[in-house]
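Please open the structure in your viewer and keep the selection panel at hand.

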Amino acid sequence: MQFDDDRNIANLPDISEIFHLLPPYQNKSLPNKATFPEQKDIEHNLTIERVRQPCSNCESYCCNTLYFEMEPPHHISNLDYFRFCTGYPNVFVTLHEEQWYVTIKSTCKNYDPSSEFRCKVFGKDERPIHCSMYDEMKCEYIKRFVSSATSPNVVLQNKHIATLEKMCIYDSLGNITYLPDAYSLQSLSQQNEYS
Ligand code: SF4
Ligand code: SF4
């Protein structure tokens, strides 16, 4: 199989291509009582390392990033709000695939990269259900915070908001009639991601 940058399957081989790789069919009788492998065995059956362990080389965005979805700015006052938010330390405006976010780089107090699973409360009641139930196979953080050739990730600091204001076009009431897209804004943040 081939996967794209978001781990979607980009190329699924035809069954005829993989038929010869399958073990020969054996007509075994079924057990009286159905048995199922444990969950961990199901995981171990996945053979594509990058897919099976999507967190293995990740910087743990899920434990070091808070983000809040925002409407695209449509009025100059929305840009002023971005200026206000990014005046705080470690707060950025980010843009990915036309979705805007206020993003806060902060580290969960339970994060410990030296501990197993990088989480000091892994398997304990204190661990938020949000974390326990998170499907890392479909990680939204990777989609939103890791740039790819087809999906630039824009990170705007406080100083970039003034540039963004100049790039926009407004009507007489301050409504934004032209808003640059992610590709237009990408050059602003290339050298300064989360710094
Ligand atoms: S869940 Fe996503 S962001 Fe968190 S460590 Fe895994 S791949 Fe990285
Ligand atoms: S509780 Fe654990 S998994 Fe959840 S954000 Fe904190 S360190 Fe990460």
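A residue is called buried if 20 or more other C-beta atoms lie within 10 Å of its own, exposed if 12 or fewer do, and partly exposed in between, with C-beta atoms placed from the backbone. This is a predicted model, in which local features need pLDDT of at least 70 and side-chain atom pairs count only at pLDDT 80 or more, while totals for chains, interfaces and linings use all residues. Residues are numbered from 1 along each chain as its sequence is written, and chains are lettered from A and ligands numbered from 1 in the order in which they are written.

**The whole chain**

Begin by displaying the entire protein chain. Its secondary structure comes to nine helices and eight strands; helices (H or I, at least four residues) and strands (E, at least two) are DSSP runs, numbered from the N terminus. Of the 195 residues in the protein chain, 13% are buried. Two residues are in contact if their C-beta atoms, placed from the backbone, lie within 7 Å. Among contacts between residues at least 6 apart in sequence, 65% join residues at least 24 apart.

Strand 3 and strand 5 (residues 99–105) are joined by six antiparallel bridges, and Glu 69 stands opposite Tyr 101 in strand 5. Strand 4 is likewise antiparallel to strand 5, with six bridges, and here Thr 94 stands opposite Tyr 101. Strand 4 (residues 91–96) also pairs with strand 6 in the antiparallel sense, over four bridges. In strand 6, Val 154 stands opposite Leu 95.

Which residue in the turn of the hairpin formed by strand 4 and strand 5 has a positive phi? Select Glu 97, whose phi is about 50 degrees; two residues lie between the strands. Glu 98, in the loop between strand 4 and strand 5, has a positive phi of about 70 degrees. Glu 98 is exposed, because 9 other C-beta atoms lie within 10 Å. Most residues other than glycine have a negative phi.

Move to Asn 90, in the loop between helix 5 and strand 4. Its phi is also positive, at about 65 degrees. Asn 90 counts as partly exposed, because it has 13 C-beta neighbours inside 10 Å.

**The nonpolar core**

A nonpolar core is a set of buried Ala, Val, Leu, Ile, Met, Phe, Trp, Tyr and Cys residues joined through C-beta atoms within 7 Å. The largest one has 13 residues, and Val 93, Val 154, Leu 156, Ile 161 and Leu 164 have the most contacts inside it. Helix 5, strand 4, strand 5, strand 6 and helix 8 (158–167) each supply at least two residues of this core. Beyond its neighbours within four places in sequence, Val 93 is in contact with Phe 82, Cys 85, Thr 86, Trp 100, Val 102 and Leu 156.

Select Phe 84, in helix 5 (residues 76–86). Is Phe 84 buried or exposed? It is exposed, because 12 other C-beta atoms lie within 10 Å.

**The ligands**

The residues around ligand 1 include Cys 55, Cys 58, Cys 62, Tyr 134 and Glu 136. Helix 4 (61–64) and helix 7 (140–145) are the elements that give two or more residues to this shell.

Finally, show ligand 2. Among the residues surrounding it are Cys 62, Cys 63, Cys 108, Asn 110, Arg 127 and Cys 131.

Conventions: Two strands pair if DSSP finds at least two bridges between them. A residue is near a molecule or strand if its C-beta atom, placed from the backbone, lies within 6 Å of it.
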